Amino acid sequence: MTAMATRIQERASGPSFLQTFLSRHGGMMPTFAAVGILLLLFVGAEIFLRGDFITPRNISALLLDNAYLLVLAVGMTFVILTGGIDLSVGSVMAFSGILGAKLLADGVPAVVAVPAMLLGGAAIGLMIGILVQYFDVQPFIASLAGLFLGRGLAYVVSLSSIKVEESSLLWLQSTRIRLGDWYITPTGLIALGTVAIAAFVLHLTRFGRTVYAIGGSEQSARLMGLKVARAKVGVYVISGLCGGLAGLVLTAYSGAGYPRNGIGTELDAIAAVVIGGTILTGGRGYVIGSMIGVFVYGTIKTIISFMGAEQSWMQIIVGALLLLFIVVQRAIVARSEGRR
Amino acid sequence: MPADTEVPPIVEMRGITIRFPGVLALDNVDFTLRPGEVHSLMGENGAGKSTLIKALTGVYAIDSGTIAVAGERRTFHTAADAQEAGISTVYQEVNLCANLTVGENVMLGHEPRRGGGIDWRATQKEAARHMESLGLAIDPRSMLSSHSIAIQQLVAIIRAMVLEAKVLILDEPTSSLDRGEVEQLFEVIRDLRSKGVAILFVSHFLDQVYEISDRITVLRNGTLVGEHLIEELPRDALVTKMIGRELEDLATLEKSSHRAIDRSGTPVVRAEGLGKRGVLEPADLEVYEGEVVGIAGLLGSGRTELVRLLYGADRPDAGQVEVQGAHAKVHSPRHAIDQRISFSSENRRAEGVVADLTVAENIVLGMQARQGWVRKVPKKDQDAVVAEYIEALGVRPANPQALVGNLSGGNQQKVLLARWLATAPQLLILDEPTRGIDVGAKADIQKKVSELSSQGLSVIFISSELEEVLRLAQRVAVMRDRRKIGELDSTQVDLDGLIDYIANAGEGSAA
Amino acid sequence: MRSIWRHRLFWPVVALLTLIAVNSIARPNFIKFRVRDGELFGAIITILRDSAPLMLVALGMTIVIATRGIDLSVGAIMAVSGAVALTIIDNSGDAGNLGVVLIAVVAALLVSLVLGVWNGFLVSVLGIQPIIATLVLMLAGRGVALLITGGFITTVNSEPFSFIATGYLFVLPFAFFISVAAITVIGLVERRTALGVLTEAVGINPEASRLAGVRSRGIIWGAYIVSGTLAGLAGILYASNIRAADANAAGVFIELYAILAVVLGGTSLNGGKFSIAGTVIGVLIIQTLDSTILFLGVPSAQSPVFFAIVVVVVVVVQSPRIRNAIGRMSRSRQPKAAAVEPPVEDKQKAEVTR
């Protein structure tokens with residue numbers, strides 16, 4: 001009786017714009033918060049550093065310096081949206097990078113080496129996905145195996161760093177497409193392209209919607225007849241592929257493959273995704289948010305190096321920020337559960 | 001309108017047998033479902049209703065027998081297979097995604113596409129059209145989680161319609177709905193029936209079964225008892241078929257409601273103005289020594305909320321509790337247990353048993369928690385207590401080392417009862433202790449409550465089955481809309497009177 | 001006899017014995033002991049000694065995992081603990097003084113305990129998922145350690161401090177005694193008191209345990225405190241061994257090896273039933289495997305590949321899919337859903353209304 005009455009009432013009075021907006025887009029709030037923090041960081045840095053922070057050069061460099069992390073964060077977003085986690089991305093990136101550098105150094109043409117890097121990443125992702133989906137292994141443990149495997153294989157390829165001489169790869173980094181003082185490199189374009197493709201897949205394909213549905217309730221998704229197995233394996237393959245791509249970007253950026261690259265980078269990627277408003281239990285979040293998260297991360301890093309502070313502050317601040325976001329998310333989730 | 005028997009059936013299950021380790025879950029069961037009928041599947045817990053549904057929806061593989069849908073023999077391996085064949089299921093715990101919009105939940109997996117991507121505008125329009133056709137006018141772009149369970153259930157049914165389901169299985173859809181919401185659901189069901197959809201309905205509420213069904217199939221212990229048209233099967237006959245014997249176990253139970261209670265002294269426990277904003281309006285409650293106080297009211301009326309506040313499971317923001325006349329701080333279950341108050345939750349599996357521990361460990365858990373972790377209850381004492389209660393309550397299997405998760409609902413409930421009795425409480429709060437358990441266990445538990453209260457234990461007894469409340473309790477507190485509306489002496493009121501009071505008291509026609 | 005190979009420690013023990021057998025055959029030196037200056041040496045002794053930090057961390061991890069949690073911050077806590085201890089010793093100006101070393105060790109343990117309190121607070125009071133809650137410290141902890149050491153690798157030359165990891169007591173390494181003491185204390189506390197079974201109850205069903213009167217918050221909180229403190233002790237061992245506080249290298253990946261040890265020992269990551277003995281065996285398997293890989297001449301940097309293979313094999317063998325397949329082979333056949341759901345019909349209302 002009561003429900004019916006309230007429902008009619010609700011329609012009679014007509015929900016306000018704000019109510020409608022909140023009932024439709026409440027899940028976006030954490031992402032808006034991330035945008036807020038990014039703006040706050042920009043403004044704060046601009047004031048404290050007396051106006052030479054927000055410059056075209058700095059902003060352009062932000063994308064350039066963090067392109068690899070952006071690519072990783074995109075892959076991580078897929079995984080976290082299903083409620084999983086992928087610890088392997090840093091190692092996969094290192095493996096892919098050193099594999100590419102080695103192949104190129106051995107005279108393999110780039111048209112072969114680059115696909116090999118991507119496939120290498122995707123293969124590790126596939127292994128993780130199969131373990132998670134078909135052997136009921138927790139994502140944490142399965143991707144832990146991926147982490148060990150990627151790191152070990154990186155050292156198997158080479159114990160030391162390998163310089164890249166291949167011009168087409170270096171071109172990705174050295175080319176600067178300029179617009180006034182602004183510039184973007186092909187690696188930056190790759191990263192932005194990855195974001196765009198991911199946004200398309202997540203919001204405009206059934207695969208993408210299945211990813212969200214699994215994060216909401218895997219059992220429901222299965223009972224609704226969605227292709228859960230395919231999507232669950234798929235997100236890890238995508239994350240592995242992104243790991244491979246990040247290896248390509250990082251190798252181009254640093255001009256070398258190095259098996260020690262990306263130790264702990266998986267944590268940075270997870271932190272960026274969470275700061276960008278994706279909820280770790282899955283089902284809520286946006287890949288655009290992850291991009292914002294990466295920029296927040298990169299901006300903090302830039303500010304710290306501007307201020308000449310020790311890099312150890314970086315870890316502490318990112319940790320604190322992560323904590324802040326987690327507590328906020330926790331409050332949001334608790335509230336939305338309370339409403340039901 | 002009852003469907004004509006001449007209509008060719010949409011689902012024909014013949015000779016279905018399913019075996020689990022040590023159990024014959026279904027033994028050669030036939031089941032027929034015809035288009036345009038509402039067909040109720042009835043049986044006690046453990047009769048095989050769920051197993052039969054799961055066989056039909058591809059969740060369980062059948063050991064022998066055949067399933068034909070629209071005359072064609074089918075084997076389903078997954079829920080998706082069954083859906084493709086036009087069989088959709090709506091479960092009691094809504095199986096949708098709360099993180100997505102209403103419209104998306106309706107259309108998920110069937111969104112119209114354009115130019116390689118989902119056409120959201122068309123998707124929302126399509127969803128709105130389907131919702132309109134069943135009379136649900138809510139914003140398809142609002143989040144599913146912002147709606148009540150009743151609405152979510154309707155959304156699930158609408159989704160089934162998008163899949164063009166020819167068979168709709170409703171598994172206990174009404175258990176968390178209020179009266180008005182049930183009416184609304186039934187309207188939708190009637191509408192679907194008139195469109196030729198075959199509906200398989202499962203509910204524990206006999207009234208609802210008789211209100212909506214055209215036909216009833218009764219199962220008992222995994223075997224088919226019979227299929228009947230609703231008008232040919234009176235209620236008592238149905239109950240007899242379900243249970244397989246007259247209700248003798250329950251009928252011969254000694255009533256404890258007539259026992260005289262001395263209320264002149266100090267109550268064992270007394271709550272004054274106990275409440276919490278948005279959860280329960282401040283309410284008073286007193287329980288005297290040896291008294292059984294029933295709490296009656298519909299689901300969601302605040303009866304569970306009241307006892308949870310009393311027990312400290314949730315924290316009250318108003319009122320106080322007195323134990324034996326002295327003010328007592330009860331802010332957590334620990335405090336309550338220190339005051340020798342015990343509470344058995346209505347949610348046996350999530351809030352009661354610890355499934356992966358043994359029967360013995362579960363029984364001892366309460367005692368051990370009370371003693372603290374440092375002093376372990378000696379093995380000898382543990383064994384003695386466990387043996388005593390397994391015997392006294394008739395826990396089956398009588399194996400202290402069996403994992404509780406493998407026991408039936410009734411036996412899990414007995415283990416919980418044992419856990420609490422072992423802590424020697426002065427007040428025992430039982431929230432729906434007999435829900436979803438078989439008649440034998442039900443009788444055992446009622447008998448035990450009656451017996452213990454005659455020995456001086458105070459009990460608060462909550463149940464949806466009002467007969468049970470009236471049989472056990474000397475006094476009944478009635479709740480409605482998160483408020484206590486009154487108290488009745490159970491010798492002064494009969495079942496109809498109590499129902500009337502729950503429904504109407506305070507609105508002019510109080511009992 | 002079936003009951004023996006169904007025992008949950010059966011496979012871990014078989015794995016360990018196999019490793020030892022393979023090693024003994026491949027390099028007879030493996031099982032040889034030498035006595036020098038009243039101190040025992042040999043490959044097995046080295047394994048026992050070197051496994052001490054991992055043993056401590058894995059013991060704490062076992063308790064945390066039993067509560068259905070996980071502690072990712074142990075490596076970072078090791079780094080902090082080492083940094084605290086060495087900074088105190090370094091600043092004291094009297095590195096060889098036993099009193100100074102004792103103060104340094106106690107201070108480091110206290111700091112680790114506080115970090116454990118922090119983790120436990122996030123998990124048990126704020127209700128944050130354990131992976132995430134401890135991720136915070138995992139990220140920030142090394143930064144804190146770097147701040148303490150001023151960004152440098154602090155090295156000291158302190159006899160008493162080095163003794164912790166490299167010294168000998170009654171012919172056996174001192175570190176080994178620390179291991180054994182930790183195992184004994186944890187084992188006794190968990191199994192002689194009711195803490196073990198209450199921890200399991202909390203891990204299996206936190207809400208039911210709370211309503212049963214178990215102080216679940218305290219038990220969960222305590223688990224993180226124990227884990228943090230043991231990690232601190234491991235950090236001291238690590239620093240003592242290399243005579244330096246290296247904030248970037250101390251305890252890197254140890255959380256992963258510790259989790260692996262717990263899983264190898266048959267404790268499920270889903271919480272609940274746990275086995276201290278299993279974890280001990282798990283640690284020994286990892287350390288022996290590490291020693292084997294080293295013996296094979298594989299660069300230690302490449303050893304993760306082997307661990308990856310071990311993880312995959314273990315989780316695949318433990319997976320329901322494979323278990324069911326084995327079960328089907330040994331018995332007749334099972335319904336496909338029996339492993340997922342017991343065939344007891346029991347309608348429980350999903351708690352959606354509250």
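A charge sits over a ring if NZ of Lys or CZ of Arg is within 6 Å of the ring centre and within 35 degrees of the ring normal. Keep that in mind for the opening stop. The model on screen is predicted.

**Stop 1: charges over rings**

Select R209(A) and Y212(A). The charged end of R209(A) sits over the ring of Y212(A), and the distance to the ring centre is 4.6 Å. Now go to chain C and pick R191(C) with F274(C). Here the charged end of R191(C) lies over the F274(C) ring, 4.5 Å from its centre.

**Stop 2: where chain C meets chain A**

Colour the two chains separately. The contact draws 46 residues from chain C and 39 residues from chain A. Together the two chains bury about 3800 Å², with 81% of it on carbon and sulfur atoms.

Residue pairs in polar contact between chain C and chain A number 2, both at pLDDT 80 or more.

Next, highlight the helices on the chain C side. Helix 6, helix 7 (130-148), helix 13 (254-264), helix 15 and helix 16 (320-330) of chain C each give at least two residues to the side that touches chain A. Which helix of chain C provides the largest share of that side? Helix 7 does, with 12 residues.

**Stop 3: aromatic rings**

Across all chains, a search of the whole structure finds 10 aromatic pairs. Select F148(A) and F307(C), one of these pairs. Their rings are tilted, 6.3 Å centre to centre, with 45° between the planes. This pair crosses between chains: F148(A) is in helix 8 (residues 139-157) of chain A, and F307(C) is in helix 15 (residues 304-318) of chain C.

Buried or exposed: what is F148(A)? F148(A) counts as buried because its relative accessibility is 1%, under the 20% limit. F307(C) is buried too, with a relative accessible area of 1%.

Now move within chain C to F121(C) and W221(C). This aromatic pair is tilted, at 6.1 Å centre to centre and 50° between the planes. F121(C) lies in helix 6 (residues 98-125) and W221(C) in helix 12 (residues 216-242), so the pair ties together parts that are 100 residues apart in sequence. F121(C) is partly exposed at 31% relative accessibility. W221(C) is partly exposed as well, at 25%.

Terms used
Residues are numbered from 1 along each chain as its sequence is written. Chains are lettered from A and ligands numbered from 1 in the order in which they are written. This is a predicted model: local features need pLDDT of at least 70, side-chain atom pairs count only at pLDDT 80 or more; totals for chains, interfaces and linings use all residues. Side-chain values use heavy atoms; hydrogens and water are left out. Rings of Phe, Tyr and Trp (its six-membered ring) pair if their centres lie within 6.5 Å; planes under 30 degrees apart count as stacked, over 60 as edge-to-face and the rest as tilted. Helices (H or I, at least four residues) and strands (E, at least two) are DSSP runs, numbered from the N terminus. Buried means under 20% relative accessible area, exposed over 50%, partly exposed in between (1.4 Å probe, protein chains only). Contact means heavy atoms within 4.5 Å. Buried area is the accessible area (1.4 Å probe) that two parts lose on being put together, summed over both. A polar contact is a pair of N or O atoms within 3.5 Å; within protein, one must be able to donate a hydrogen and the other to accept it, and residues adjacent in sequence count only if both atoms are side-chain atoms.
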